[in-house]
Amino acid sequence: MPNINEVKDAIKKNFPDLKVKEIKYFASGCDNDTYFINKKYLLRYPKHKRSINHIESLLLPKLEKYISIKIPKVIYSGKYKNKSFMIYEPVKGKELDKEIFKKLSEEEKRVIFYEVIKFLRELQSFPIESATECGVKITDFREHFKKLLINARKKIFPRLSKEEIKKVEQIFKEYFNNELNFKYKPSLLHSDLSIDHVFIDKKNKVSGIIDFGDVGIGDPDYDLVYMPDFGNEMFVNYIENIKNNNLVRKLKFYLLTCDINGMIFAKNKDKFNRNLEDLKNRIKTWDNEKIEIHPKVNEMSGVINGNLKF
């Protein structure tokens, strides 16, 4: 967490007319620390220079016109010590999590699931040209996953059996060799649509979606890997009703890469081992026709965006 005096100096230098009566630390993420300002606004201050607050501050005001669900409203954006930060109005409602979701009725879960699907469709309708003008980067999925495989060979393969390594190599080869996997119209991706980035109101309907810090441009199907958080059975039924065998195979590949990413970027041994177990289970059930969902598959963050460095 940065020195709070640095945050105050950043505000004073960029927005001298903004009177800060109160500033309180709120939370920390992978890239930013967040503060409450005057009990009204949230300020996101970066932990490092790779944070893309400057991109969000340009993108979100334009994105508002395309998204029917509330997203953070940018009020101020600035730069201090080569770090970009922004001040915004938070979305209203309660942060969703797996425990809260579990207690909802089946109908409430269904409504939330399809509200998030609607959000993804609206997100994908945003013009790519406008996104790139804001600084959002295009990810070459073929090259991205080639780098991931190289990294997996170094960091993950030593924990797998020879048979498991052979299967993973085969799975990646099949993905690379299938040109249908790359015949998509690139679209804007949220890239971090975990359940805790969705807010609900008192009627248990989606009131807002947050954290666009990992936005990227790529395969629109990729954001579907986050949907198991909003109901495993609904997700499987939704995919199977599309009746596209290649989509099923591709999503199984994306889910497997989520396990690999979860291991590579695990912050502790427990998370590494949980993702390792999920990966082994996914390899074992790979040849099943259905998509296999395993617990905690979405413990990754921003694994597809132009800022990812291996």
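Student: What makes β2 and β3 a hairpin in this predicted model?

Tutor: Three residues lie between β2 and β3. N38 sits in that turn, with a positive phi of about 55°. The two strands, β2 being residues 32-37, pair in the antiparallel sense over six bridges. Pairing needs at least two bridges, so β2 and β3 qualify. T34 stands opposite R44 in β3.

Student: How do you know that β3 and β5 pair?

Tutor: Three bridges join β3 and β5 (residues 83-89) in the antiparallel sense. The cut-off is at least two, so the strands count as paired. L42 stands opposite Y88 in β5.

Student: Why is strand β3 called largely enclosed?

Tutor: Buried means under 20% relative accessible area. Six of the six residues of β3, residues 41-46, are buried, so the strand is largely enclosed by the rest of the structure.

Student: Which residues of β3 point which way?

Tutor: Y41, L43 and Y45 point one way. L42, R44 and P46 point the other way. All are buried. Across the protein, 52% of the 310 residues count as buried.

Student: What is the secondary structure of the protein, and why is the protein called as compact as a globular one?

Tutor: The protein has ten helices and ten strands. Its radius of gyration is 20 Å; the globule rule gives 19 Å for 310 residues. The values are close, so the protein is as compact as a globular protein of that length. Its C-alpha trace spans about 65 × 45 × 40 Å along the principal axes.

Methods
Residues numbered from 1 in each chain as written. Predicted model: local features only at pLDDT ≥ 70, side-chain atom pairs only at ≥ 80, totals over all residues. Heavy atoms only, no water. Helix = DSSP H or I, 4+ residues; strand = E, 2+ residues; numbered from the N terminus. Rg over C-alpha atoms; globule rule 2.2 N^0.38 Å. Buried < 20%, exposed > 50% of the residue type's maximum accessible area, 1.4 Å probe, protein only.
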